[in-house]
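Biologist: Please show the model, and then we can go through it by question and answer.

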Amino acid sequence: MLSTALKPPAEVTAFPPTVWPEAPRWANFRDAVQFIPFGRYFVNSLIVTLFGTVGTVGSSFIIAYGLSRIRWPGRELVFYIVIASIFIYIQFPVNPVTMIPLFTLFASLGWTNTFLPLIVPTFFGNPFYIFLLRQFLMQIPFELSEAAKIDGANEFQVLRFIVLPLSLPAIAVASVLTSVTIWNDFLGPLIYLYDQNMYTLAVGLSFYQSTYEVQWQLLMAASTLVLLPELILFLLFQRAFIRGITIGSLK
């Protein structure tokens, strides 16, 4: 992708292809940013990703806490229902099963052509991350919560000061996976957003492809820029990400 992003148009289609451009053309990045309103689309993607990640991780963590750290009748049955819902939760935030009902609902609420259909559903939890966080929370010794309650802490204080700090690795994993999924989501913005000024970068990349040709060097340059935030995010949380994936390695 980086190699193609630095090639001039003639070298992109050259045969045999070159592994690295003979004369790297860094101006492709400038042209790619100017070809579409890249800055506006970047801000739109950032808004949707930020609120969507907070909503998904926050709601999933609270639900996972209730399904793992609090004992109440029917808890296991509810957990099995949540797990079963993964089978219809194919693509975030829409999938072929729920696409039409959700669009009809949001259209009746007047939410189309806004970010609300992309953000509000995230605050109702994601079954996969509920499962991921629940399995991690189950590994935290219950004696810690019981000792805190003996000292006078209520359930919220146990969640805030005991469980939450120990769950940061799992939260980091859920945050990275969620942000990457929302950042790359194409179908959701395409369905709910009509105004081109509201588009995200995932939809904006399609503008590099016209009816007769594809600006491959510009498309790859823009794709490289779109990839950078995800790469930086992973590098920043790499240790926590790897630690959170290895569920059960609690010291």
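Biologist: Leaving aside neighbours within four places in sequence, which residues is Thr 224 in contact with?
Modeller: This is a predicted model, in which local features need pLDDT of at least 70 and side-chain atom pairs count only at pLDDT 80 or more, while totals for chains, interfaces and linings use all residues. Residues are numbered from 1 along each chain as its sequence is written, and side-chain values use heavy atoms, with hydrogens and water left out. Thr 224 lies in helix α14, where helices (H or I, at least four residues) and strands (E, at least two) are DSSP runs numbered from the N terminus. With contact meaning heavy atoms within 4.5 Å, the partners of Thr 224 beyond four places in sequence are Met 1, Leu 2, Ala 5 and Phe 29.

Biologist: Is Thr 224 buried or exposed?
Modeller: Buried means under 20% relative accessible area, exposed over 50%, and partly exposed in between, with a 1.4 Å probe and protein chains only. Thr 224 has a relative accessible area of 11%, so Thr 224 is buried.

Biologist: With which side chain does the side chain of Gln 217 make a polar contact?
Modeller: A polar contact is a pair of N or O atoms within 3.5 Å; within protein, one must be able to donate a hydrogen and the other to accept it, and residues adjacent in sequence count only if both atoms are side-chain atoms. For the side chain of Gln 217 the distance is 3.2 Å, and the partner is the side chain of Gln 215.

Biologist: How far apart in space are Thr 4 and Trp 216, C-alpha to C-alpha?
Modeller: Thr 4 lies in helix α1 (residues 2-5) and is partly exposed at 22% relative accessible area. Not counting residues up to four places away in sequence, Thr 4 touches Val 12, Trp 216, Gln 217 and Met 220. Thr 4 and Trp 216 are 212 residues apart in sequence, and their C-alpha separation is 7.3 Å.

Biologist: Which backbone nitrogen lies 3.1 Å from a polar atom of the side chain of Ser 60?
Modeller: Ser 60 lies in helix α4 and is buried, with a relative accessible area of 0%. A polar atom of its side chain lies 2.7 Å from the backbone oxygen of Thr 56. Leaving aside neighbours within four places in sequence, Ser 60 is in contact with Gly 125, Asn 126, Tyr 129, Ile 130 and Leu 133. The nitrogen at 3.1 Å is that of Asn 126.

Biologist: Where is the residue with a positive phi although it is not a glycine, and what is its phi?
Modeller: Most residues other than glycine have a negative phi, and most peptide bonds are trans. Asn 113 is found in the loop between α6 (99-109) and α7, and counts as partly exposed at 26% relative accessibility. The phi of Asn 113 is about 65°.

Biologist: Is the peptide bond from Phe 15 to Pro 16 cis or trans?
Modeller: Pro 16 is found in the loop between α2 (9-12) and α3. The bond from Phe 15 to Pro 16 has omega near 0°, and is cis.

Biologist: How many helices does the protein have?
Modeller: The protein has zero strands. Its helices number 15.
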